Amino acid sequence: MTAETSQTLDRGLRVLKLLSDTDHGLTVTELSHKLGVNRTVVYRLLATLEQHALVRRDLGGRARVGLGVLRLGRQVHPLVREAALPALRSLAEDIGATAHLTLVDGTEALAVAVVEPTWTDYHVAYRTGFRHPLDRGAAGKAILAARQGALAVDGFTLTHGELEAGASGAAAPLVGITGLEGSVGVVMLADSVPERVGPRVVDAAREVADALR
């Protein structure tokens with residue numbers, strides 16, 4: 001720790017990170033061991049975080065992430081969208097197809113940024129806020145493949161007709177961003193995705209990931 005940083009805030013943030021990495025919560029003793037501090041310090045940290053609804057404790061005393069983080073999380077999407085738009089615009093114009101950034105939201109894929117090409121006669125209407133299961137559509141399947149370590153060697157996923165009849169999609173996952181699962185992709189009215197689209201989508205996903213780091 002440097003003179004310019006707060007040890008208490010640092011510990012509180014570490015508590016949140018530890019809790020976000022577990023589905024079953026952590027006890028005060030477990031947090032004490034992981035943080036390397038005594039139980040009294042952990043009790044004070046949890047009490048403060050509970051006051052802000054960032055942490056909750058169940059009947060068994062295990063601490064979990066609280067619903068207050070959702071209010072903070074809602075402010076993340078506009079920032080992510082703004083950072084991704086330049087790469088999405090370039091992708092949409094280059095390919096002539098609707099480009100999108102999709103993030104995981106619970107068990108669903110959520111489109112948080114969409115850019116349509118300006119020069120095409122027609123394109124697929126794909127709206128910000130559109131949701132679909134993670135196991136359907138290129139965007140969700142690319143995320144699942146990255147999560148499971150099963151991504152194809154070429155780095156992208158292709159689908160056809162899974163979300164809209166006659167539409168094909170290509171998507172590549174965001175890589176190297178801690179705490180954020182997502183993908184960048186395109187959707188087009190075609191029986192198959194042209195060969196050059198997959199690598200171009202991978203490049204765009206890399207650009208977005210770089211912008212978010």
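This is a predicted model: local features need pLDDT of at least 70, side-chain atom pairs count only at pLDDT 80 or more; totals for chains, interfaces and linings use all residues.
Local features need pLDDT of at least 70 and side-chain atom pairs count only at pLDDT 80 or more, while totals for chains, interfaces and linings use all residues. Residues are numbered from 1 along each chain as its sequence is written, and side-chain values use heavy atoms, with hydrogens and water left out.

Q: Which geometry do the rings of Tyr126 and Phe130 adopt?
A: Rings of Phe, Tyr and Trp (its six-membered ring) pair if their centres lie within 6.5 Å; planes under 30 degrees apart count as stacked, over 60 as edge-to-face and the rest as tilted. A search of the whole structure finds 1 aromatic pair. The centres of Tyr126 and Phe130 are 5.2 Å apart and the planes stand at 65°, so the pair is edge-to-face.

Q: Is Tyr126 buried or exposed?
A: Relative accessible area under 20% means buried, over 50% exposed, and in between partly exposed (1.4 Å probe, protein chains only). At 8% relative accessible area, Tyr126 is buried.

Q: How many residues apart in sequence are the parts that Arg200 and Asp94 tie together?
A: A salt bridge requires a side-chain nitrogen of Lys or Arg within 4 Å of a carboxyl oxygen of Asp or Glu. Arg200 forms one with Asp94, the closest N and O atoms being 2.8 Å apart. Helices (H or I, at least four residues) and strands (E, at least two) are DSSP runs, numbered from the N terminus. Because Arg200 lies in helix 7 and Asp94 in helix 5, the pair ties together parts whose separation in sequence is 106 residues.

Q: Where does Arg131 lie, the partner of Asp105?
A: Asp105 and Arg131 form a salt bridge whose closest N and O atoms are 2.7 Å apart. Asp105 belongs to strand 3, so the pair ties together parts 26 residues apart in sequence, with Arg131 in strand 5.

Q: Which element gives the largest share of the lining of the largest pocket?
A: On a 1 Å grid over the protein atoms alone, a pocket is an open set of points where a 1.4 Å probe fits, with protein on both sides within 12 Å along at least five of seven lines; lining residues have an atom within 4 Å of a point. The largest pocket is lined by 33 residues, and Ser20, Val65, Val69, Gly73 and Gly179 lie nearest its centre. The largest share of this lining, 9 residues, comes from helix 1.
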